[in-house]
Amino acid sequence: MSAVIHPLASVLAAVARGISGVQVRWAGCRPEEKQRIYFANHTSHLDFVVLWAALPGEVRARTRPVAAKDYWEKGLKAYLAQRVFRAVLVHRGGTAQAGNREEARAAARTVVDRLAEAMGETDSLILFPEGKRGTGETVGPFRSGLYYLAKRRPEVELVPAYLENMNRILPKGEVLPVPLLSLLTFGAPIHIGETEDKRGFLERACAAMSALRRKGES
């Protein structure tokens with residue numbers, strides 16, 4: 001059964017690609033209609049839109065971005081997030097809002113349950129494991145959600161992706177994007193090891209994503 005695609009999806013994808021001038025490199029895999037979890041660095045509110053728009057149409061139709069509920073739940077943004085992007089809205093920071101260890105675990109389980117349910121048997125996800133926006137200069141430590149989701153769905157490919165220059169296209173605090181060129185690189189898929197612990201897995205996933213950053217090139 002094909003996914004229901006909103007009529008605005010192709011239009012917004014073209015606009016996002018035009019504004020970001022995104023160049024896409026598939027360095028470690030190819031775009032395929034298979035269930036995946038794309039995990040990327042986070043420096044701009046445009047990140048998920050650009051990554052989603054960069055996917056081929058048939059892949060995009062089955063790929064759902066994970067986004068901050070407090071930013072995308074009101075007005076026009078809510079309509080776009082829910083009806084066009086089919087985003088999965090979660091509380092910003094996830095476990096960071098919990099006051100103690102028990103609450104943190106309960107919050108983590110709730111988020112992972114929500115994401116696993118949203119994936120079902122066919123849909124892919126786009127998520128940002130740093131949990132908050134960075135400066136674009138470094139990658140912050142990954143939060144635990146990616147680990148628990150990988151444990152829940154070990155058969156699903158985890159594809160690292162790295163976005164460059166997005167923090168300059170839509171700097172923090174700005175509303176209107178500045179048209180510039182950006183680069184999006186997809187790396188080789190990884191899977192969680194059967195006995196791999198949380199710290200080791202998150203460090204490995206972070207290293208796989210960080211390694212995609214273009215260095216010393218114009």
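## A buried arginine and its partner

In this predicted model, Arg-86 has a relative accessible area of 19% and is therefore buried, since the cut-off for that class is under 20%. Asp-123 is buried as well, with a relative accessibility of 5%.

The side chains of these two residues, Arg-86 and Asp-123, form a salt bridge with an N to O distance of 2.6 Å. Arg-86 belongs to the loop between helix H5 (75–84) and strand E4 (88–90), while Asp-123 belongs to the loop between helix H6 (101–119) and strand E5 (124–127), so the pair ties together parts that are 37 residues apart in sequence.

## A link between two helices

A salt bridge also joins Arg-152 to Asp-113, with 2.6 Å between the closest N and O atoms. Because Arg-152 lies in helix H7 (residues 145–152) and Asp-113 in helix H6, this pair ties together parts that are 39 residues apart in sequence.

Both residues can be described by their accessibility. Arg-152 is partly exposed, at a relative accessible area of 41%, and Asp-113 is partly exposed at 39%.

Glu-196 and Arg-204 form a salt bridge in which the closest N and O atoms are 2.9 Å apart. Glu-196 counts as buried, at 18% relative accessibility, whereas Arg-204 counts as partly exposed, at 33%.

## The wider set

Across the whole structure, a search finds 10 salt bridges. Some residues are connected in a network of salt bridges, which links Glu-32, Lys-34, Arg-36 and Glu-157.

Key. Residues are numbered from 1 along each chain as its sequence is written. This is a predicted model: local features need pLDDT of at least 70, side-chain atom pairs count only at pLDDT 80 or more; totals for chains, interfaces and linings use all residues. Side-chain values use heavy atoms; hydrogens and water are left out. A salt bridge is a side-chain nitrogen of Lys or Arg within 4 Å of a carboxyl oxygen of Asp or Glu. Helices (H or I, at least four residues) and strands (E, at least two) are DSSP runs, numbered from the N terminus. Buried means under 20% relative accessible area, exposed over 50%, partly exposed in between (1.4 Å probe, protein chains only).
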